[in-house]
Amino acid sequence: MTDLSALLPFIIAVIVLFVVAGSVIGLVRGRRSRVRYTDTRDANDPVLAPNQPNVAGPETGAPTAVAEPPAPTLEAEPGVEVPEAFEEPVAEAVPTETPAPVAGRLQRLRERLARSNNVLGKGLLALLSSDRIDDNVWDEVEETLLLADIGTEPSLELVDTLKDRVKVMGSRNPDEVRAMLRDELVKLVDPSLDRSLNVDRKAGKPAVVLVVGVNGVGKTTTVGKLARVLVAEDKDVILGAADTFRAAAAEQLATWGARVGVPTVKSDVDGADPASVAFEAVKAGIEQEVDVVMVDTAGRLQNKVGLMDELGKVKRVIEKQAEVDEVLLVLDATTGQNGLNQAKVFSEVVDITGIVLTKLDGTAKGGIVVAIQKQLGVPVKLVGLGEGPDDLAPFDVEGFVDAILA
């Protein structure tokens with residue numbers, strides 16, 4: 001009994017120690033369970049119990065429910081409007097432009113054309129208005145015509161005609177001389193040639209226009225400008241980027257088209273088969289029932305047989321689906337007689353139906369119009385007179401001659 005009495009204080013001390021330890025542990029757990037989260041919850045934070053915000057769930061670790069984190073809110077700063085909701089970013093579209101009306105373009109641009117040819121017109125007028133017209137004057141007239149790239153045969157023809165008319169007229173009045181010269185130049189440029197573009201649907205298919213030429217004459221730009229001409233005439237157009245060799249040619253063409261709401265068919269593969277791209281463009285034009293499909297081709301030297309054969313292939317592949325209505329050869333007016341040599345070779349490969357004469361401003365010699373038509377019997381149908389997007393105009397014989405003599 002004495003031994004038990006001696007152990008009793010020790011037993012009581014152990015019991016008290018366990019009670020105190022249990023209280024401390026419970027207090028710590030209670031405090032942990034009441035931690036409040038003022039910021040957005042992380043994945044590692046305790047899961048909230050249902051209907052009890054900021055209070056942890058049972059200690060078993062299995063949540064009874066998962067509360068969705070509150071949606072972030074924006075607090076407006078002074079003078080700043082807060083959007084109601086976030087929107088997905090939208091790619092900025094190329095603004096659509098309205099092309100200038102086709103009617104009157106050549107008249108509007110006559111001043112530029114006159115600047116490029118006034119040496120020819122003013123020189124002839126000065127010579128033919130002189131008090132005495134002898135053989136030396138006629139030699140100078142012929143030289144002036146040759147320097148304007150009119151060509152030998154047309155120049156001799158014009159000089160002979162003028163000689164006869166001057167003898168008959170017997171007058172040196174500038175107005176009379178000008179009227180005589182105008183008549184003969186109009187005849188030389190030949191108003192009888194059909195300069196209209198074949199861009200009307202037929203047999204349920206779109207008109208197909210193939211644009212060809214050597215490097216650097218501005219084919220892609222011409223296609224883009226011609227698209228504007230057609231859109232101004234209320235035509236539905238599709239462009240085909242068959243120039244697959246020049247870097248960024250397809251993107252350049254697509255940009256031209258986008259400006260007037262015209263789609264472009266192109267390949268995402270560098271160096272793709274141009275005939276394949278042309279085929280797909282015509283196919284799309286047929287399926288979408290457009291009026292005109294214009295196909296841009298790569299520039300090629302007229303003396304490279306392989307490249308010229310490839311151009312013929314492009315035309316043959318297109319014709320498996322639709323007839324090619326126009327083959328437009330783009331020439332740089334500043335190249336003079338070299339442009340005539342180019343025209344000869346291209347016409348043998350793809351049957352040129354019309355000429356587009358670019359850069360007929362500044363230093364260009366407009367006589368090349370006469371030389372090409374005389375040599376090939378192919379009309380100049382369009383002229384480029386500047387760098388502006390609407391500086392491409394249908395060729396008008398009388399307007400051209402009037403600009404020369406302005």
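Which residue forms a salt bridge with aspartate 390? In this predicted model, where local features need pLDDT of at least 70, side-chain atom pairs count only at pLDDT 80 or more, and totals for chains, interfaces and linings use all residues, the partner of aspartate 390 is arginine 228, with the closest N and O atoms 2.9 Å apart. Residues are numbered from 1 along each chain as its sequence is written, and side-chain values use heavy atoms, with hydrogens and water left out.

A salt bridge here is a side-chain nitrogen of Lys or Arg within 4 Å of a carboxyl oxygen of Asp or Glu, and the structure holds 15 of them. The pair of aspartate 390 and arginine 228 links distant parts of the chain, 162 residues apart, since aspartate 390 sits in the loop between β9 (380-384) and β10 (392-394) and arginine 228 in helix α7 (residues 219-232); helices (H or I, at least four residues) and strands (E, at least two) are DSSP runs, numbered from the N terminus. Both aspartate 390 and arginine 228 are buried, where buried means under 20% relative accessible area, exposed over 50%, and partly exposed in between (1.4 Å probe, protein chains only).

A second salt bridge joins glutamate 157 to lysine 374, whose closest N and O atoms are 3.5 Å apart. Because glutamate 157 lies in helix α5 (residues 152-169) and lysine 374 in helix α12 (residues 368-376), this pair ties together parts that are 217 residues apart in sequence. Glutamate 157 is partly exposed at 37% relative accessible area, and lysine 374 is also partly exposed, at 44%.

Arg165, Asp183, Glu184 and Lys187 are linked in a network of salt bridges.
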